[in-house]
Amino acid sequence: MLEKKLICTACGSTFSLRENLARCQKCREPLEIEEFISKNIDTEERSDIFKRYKSFFPFQSSCSGLSLGEGMTPLLSAPSFAEKYGVKEIFLKNETVNPTWSFKDRGTAASIHHAIELGFRRIGTVSTGNMAASVAAFGARAGLETTILVKGDIPSEKLNPVAIYNARLIKALGDYDRLYEESLRLGERYGIYFMNSDVPFRVEGSKTIAFEICEQTEFNVPDFVIIPTSAGGNIRGIEKGFREFYKSGLIPHIPTIVAAQAEGCAPIARAYEKNSLTIERFPNPHTVAHAIENPFPPSGNQVLRMLHRQRGVAVAVSEESIYESQLELAGMGLFVQPASAVSLAALKKLRQTGSISSEQRAACILTGSGLKYTAVFDAYNLNAEECLIDDLEKLLAVK
Ligand SMILES: [Zn+2]
């Protein structure tokens with residue numbers, strides 16, 4: 001851990017990994033850990049992603065006993081979708097099978113590992129959804145004092161799946177946007193490691209999504225990787241993962257990275273369309289894809305810089321196409337949350353506009369489980385047939 005540095009993604013200032021820094025101390029833009037170059041993957045190790053990809057992490061110890069079995073999720077080929085949308089191949093990276101049913105567990109595990117190596121006993125996060133549940137669960141597993149800061153008006157159906165892990169839950173009243181910086185300030189003062197959406201080790205954890213896709217395609221990576229994008233930590237991590245494997249000589253090219261957003265909250269896609277490298281706050285955000293409804297993403301500027309550097313794409317999709325894609329995915333056996341369906345909706349849009357050709361291959365990241373947001377059932381006409389048992393034969397005889 002000691003020799004790698006934290007580098008500011010905007011001004012290039014460097015800092016030590018011995019410090020728990022979330023943002024650049026000079027310009028407040030996000031920090032990134034120096035790249036890891038290695039050909040070393042421990043392919044015998046199948047249960048712990050941080051052991052399997054040990055050469056790509058700065059950890060000194062193995063920290064066994066912290067894992068809940070995060071990562072190593074399936075990459076499914078979807079030939080029926082590929083045929084329907086006229087592309088060579090479509091992959092679905094199923095992150096819903098993580099321990100708390102979303103990709104967040106990878107970054108949480110990496111951040112807790114770092115927190116413990118630095119000697120922290122208190123951790124926390126700011127979230128009302130996937131990340132809150134993830135940090136509460138992994139904090140419980142590690143036996144750390146865990147504080148989750150949530151919105152003051154959070155409904156109980158969102159609060160209870162976090163509260164069950166017995167973390168300290170604080171409803172913070174007032175301007176929710178202020179909580180990100182305020183938590184970092186208070187964390188520094190009182191020794192609480194706040195593992196918010198785009199802190200460096202959360203980004204490092206997301207690298208493993210890219211590593212797994214490389215291995216699962218036998219290093220013949222897809223042309224496009226489409227990622228539902230909110231704060232920007234996950235997409236940054238996935239891009240960094242591909243970049244490290246590319247620079248290590250493990251893959252022939254870096255896939256084109258696609259930031260997929262909902263039209264109802266698309267600060268990154270909107271800036272991208274304007275050719276701007278700076279996000280603006282998205283006014284009146286509203287989308288069924290709640291998990292990616294962030295009007296002012298903390299890594300927004302860095303996502304724009306990254307897309308610019310590697311000729312990536314940002315795209316926003318309609319509410320209608322999100323619902324439609326969620327049903328399509330369920331129709332092939334994957335019930336994902338609306339935010340995850342944004343990746344398939346984006347693929348369809350990019351195919352329609354010709355950005356993805358019929359000869360190309362694409363992977364969609366399915367970030368979290370549909371059971372995270374069951375209120376969506378109200379949007380669909382879900383019904384069962386009904387009959388007397390004596391009449392059952394009549395029904396079943398009809399094909
Ligand atoms: Zn800086």
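Mentor: What follows goes through the helix pairs and then the sheets.

This is a predicted model, in which local features need pLDDT of at least 70 and side-chain atom pairs count only at pLDDT 80 or more, while totals for chains, interfaces and linings use all residues. Residues are numbered from 1 along each chain as its sequence is written, and side-chain values use heavy atoms, with hydrogens and water left out.

The UniProt record, an unreviewed entry, annotates residues 67–368 as "domain: Tryptophan synthase beta chain-like PALP"; its positions follow the numbering used here, feature names are shortened, and annotations may be inferred rather than shown by experiment. This span is 43% helix and 17% strand, and its end C-alpha atoms lie 19 Å apart. Helices (H or I, at least four residues) and strands (E, at least two) are DSSP runs, numbered from the N terminus.

Helix H3 (residues 104–117) packs with helix H4 (residues 130–142) at about 45 degrees, their axes being 9 Å apart. Axes are lines fitted to C-alpha atoms, for helices over the stretch in contact, and angles run from 0 to 180 degrees between N-to-C directions. H3 is therefore oblique to H4, on a scale where under 35 degrees is roughly parallel, over 145 roughly antiparallel, 65 to 115 roughly perpendicular and the rest oblique. H3 brings Lys104, Asp105, Thr108, Ala109, Ile112 and Ile116 to the contact, and H4 brings Asn130, Met131, Ser134, Val135, Phe138, Gly139 and Ala142, contact meaning heavy atoms within 4.5 Å. These residues of H3 and H4 comprise seven nonpolar, four polar and two charged (nonpolar: Ala, Val, Leu, Ile, Met, Phe, Trp, Tyr, Cys and Pro; charged: Asp, Glu, Lys and Arg; polar: the others, Gly among them).

Helix H8 (residues 233–247) and helix H10 (residues 300–309) cross at roughly 35 degrees, with axes that come within 10 Å, and this crossing is left-handed. Here Ile235, Arg236, Glu239 and Arg243 of H8 meet Gln302, Val303, Met306 and Arg309 of H10, a set with three nonpolar, one polar and four charged residues.

Helix H11 (residues 319–331) and helix H12 (residues 338–352) cross at roughly 100 degrees, their axes coming within 8 Å, and are therefore roughly perpendicular to each other. On the H11 side the contact includes Ser321, Ile322, Glu324 and Leu329, and on the H12 side Pro338, Val342, Leu344 and Lys348 are among the residues; the whole contact of H11 with H12 has seven nonpolar, three polar and three charged residues.

Turning to the sheets, four strands in the order S8-S7-S6-S9 form an open sheet with parallel pairing, where two strands pair if DSSP finds at least two bridges between them. Strand S8 (168–172) and strand S9 (192–194) are the edges, each pairing on one side only, and neighbouring strands of this sheet are turned by 25 degrees against each other on average, direction ignored. Strand S6 (residues 122–126) pairs with S9 over three bridges in the parallel sense, and arginine 122 has isoleucine 192 of S9 as its bridge partner. Helix H6 (residues 179–190) packs on this sheet, touching S6, strand S7 (145–151), S8 and S9, and its direction makes about 150 degrees with that of S9.

Another open sheet, with three strands in the order S2-S1-S3, is paired antiparallel. Strand S2 (14–16) and strand S3 (31–33) each have a single partner strand, so one side of each is left without a neighbour in the sheet. Strand S1 (residues 5–8) is joined to S2 by three bridges, and leucine 6 is partnered by phenylalanine 15 in S2.

Definitions and conventions: Left-handed = near helix turned anticlockwise from the far one by under 90°.
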